[in-house]
Amino acid sequence: MEILKYIGSFFVLLGSVFLFLGALGIYRMPDVYNRLQAGTKSSTLGAMSMLLGIGFLQPDWMVKMIVIIIFIAVSNPLSSHALARGAYRAGLSLFQKEKIDAYEKDYKSMEDKEL
Amino acid sequence: MKRAFILLLLVVVGWVLADTFSQINFGESRMGDIKQQETVGAYYLNNTVEKLSVANVVTAIVVNYRGFDTLGEVTVLFLAASGLASILYRRKKRGEHDVMILKNSSQLLQTGAKLIFPAILVLGAYVFIHGHLTPGGGFQGGAIIASGFLLMFMAYKDYHVSHNVLTWVESIAGILFVSVGIWGLISGATFLENILGTGTLNDLVSGGIIPLIYIAVGFKVAAELTGVLETLLNFKTEK
């Protein structure tokens with residue numbers, strides 16, 4: 001049981017490091033897309049390893065934690081995708097001076113198809 | 001003359017309010033000692049678990065001790081929803097179009113919404129069925145279910161819920177709530193008296209009428225909030 005405790009503590013620590021990096025990224029990054037990247041990617045990994053660590057610390061809760069992890073794995077990329085798409089449609093510009101906008105072509109062709 | 005009358009009215013209202021507030025000792029601890037049953041809060045905290053075998057004291061207060069108040073709250077929500085619907089809802093005329101959602105969302109979001117939607121419904125049902133055992137209850141579960149429907153409205157622009165079905169669900173849930181109350185009257189107790197056996201603590205079927213009422217409230221709130229969302233999203237405008 002001692003080894004489970006160490007594994008759980010390691011995962012909780014890892015999760016908190018990732019959540020901290022995500023918060024730092026949201027504070028520091030220049031535009032909305034970079035902030036989304038920092039916020040969602042790190043919170044996915046951070047929350048997942050945090051829940052996994054709690055599952056190791058309390059083995060009775062492991063099944064529930066895995067269910068929550070699956071839910072986060074499905075819902076978090078979806079929400080970040082929808083937010084980024086909404087931001088692009090609202091016309092929020094990129095930060096960089098020399099823009100590399102790979103989505104533009106797809107977006108234009110999709111617009112033509114819809115209208 | 002009119003101004004003097006208004007001033008007089010203000011003085012009267014102010015005097016009544018000041019008189020009322022001066023009798024309340026603000027800042028005084030009204031809970032009292034938890035062990036001595038001198039206050040109503042201490043009574044709830046000390047007696048709910050033994051007498052009703054309900055783990056969630058908030059639910060016991062909302063549904064059991066103050067069930068009539070909850071019936072009023074549900075009625076207020078119903079009136080708000082039907083008022084909104086009566087102002088905004090009308091059939092589409094020629095040349096009108098939906099204003100809110102003009103384009104379909106991406107295929108990724110549509111597939112994901114289809115995947116998550118049943119899970120949200122199950123979570124909402126879990127929250128209101130276990131209202132007497134875990135934190136949560138009818139209002140919260142209904143709001144969760146309505147948020148699932150909001151996800152579907154956002155993902156699919158042609159997704160509609162029939163107003164007839166919503167009205168039927170809402171009416172049947174309301175009738176269930178009131179008839180549980182009248183059942184108490186018929187069996188010789190007061191309106192909304194907890195007449196069923198309370199069972200053992202932490203069983204799903206325990207707490208008497210509390211799960212019944214919270215299931216009714218959950219369906220009612222879910223139907224009402226979904227109706228509000230449906231009405232707001234299908235607001236028609238002249239082109």
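Predicted model: local features only at pLDDT ≥ 70, side-chain atom pairs only at ≥ 80, totals over all residues.
Let's start with the interface. Ten residues of chain B are in contact with ten residues of chain A. How much area is buried between chain B and chain A? About 820 Å². Carbon and sulfur atoms give 72% of that area.

What about charges and polar groups? Between chain B and chain A, the count of salt bridges is zero. One residue pair is in polar contact, with both residues at pLDDT 80 or more. Now look at the side of chain B that touches chain A. Its residues divide into five nonpolar, four polar and one charged.

Now the loops. First, some background. Most residues other than glycine have a negative phi. Here are two residues with a positive one.

Take Ser53(B). Its phi is positive, about 45 degrees, and it is not a glycine. Where does Ser53(B) lie? Find helix H2 (40-52) and helix H3 (57-65) of chain B; Ser53(B) is in the loop between them. Is Ser53(B) buried or exposed? Its relative accessibility is 5%, so Ser53(B) counts as buried. The cut-off for buried is under 20%.

Next, Leu192(B). This residue is not a glycine either, and its phi is positive, about 65 degrees. Leu192(B) sits in the loop of chain B between helix H7 (163-186) and helix H8 (210-233). Leu192(B) has a relative accessible area of 5%, so it is buried.

To recap: Ser53(B) has a positive phi, and Leu192(B) has a positive phi. Find them both in the structure above.

Technical notes
Residues numbered from 1 in each chain as written. Chains lettered and ligands numbered in written order. Heavy atoms only, no water. Contact = heavy atoms within 4.5 Å. Buried area = accessible area lost by both parts, 1.4 Å probe. Salt bridge = Lys/Arg side-chain N within 4 Å of Asp/Glu carboxyl O. Polar contact = N/O pair within 3.5 Å; in protein donor to acceptor, adjacent residues only side chain to side chain. Nonpolar A, V, L, I, M, F, W, Y, C, P; charged D, E, K, R; others polar. Helix = DSSP H or I, 4+ residues; strand = E, 2+ residues; numbered from the N terminus. Buried < 20%, exposed > 50% of the residue type's maximum accessible area, 1.4 Å probe, protein only.
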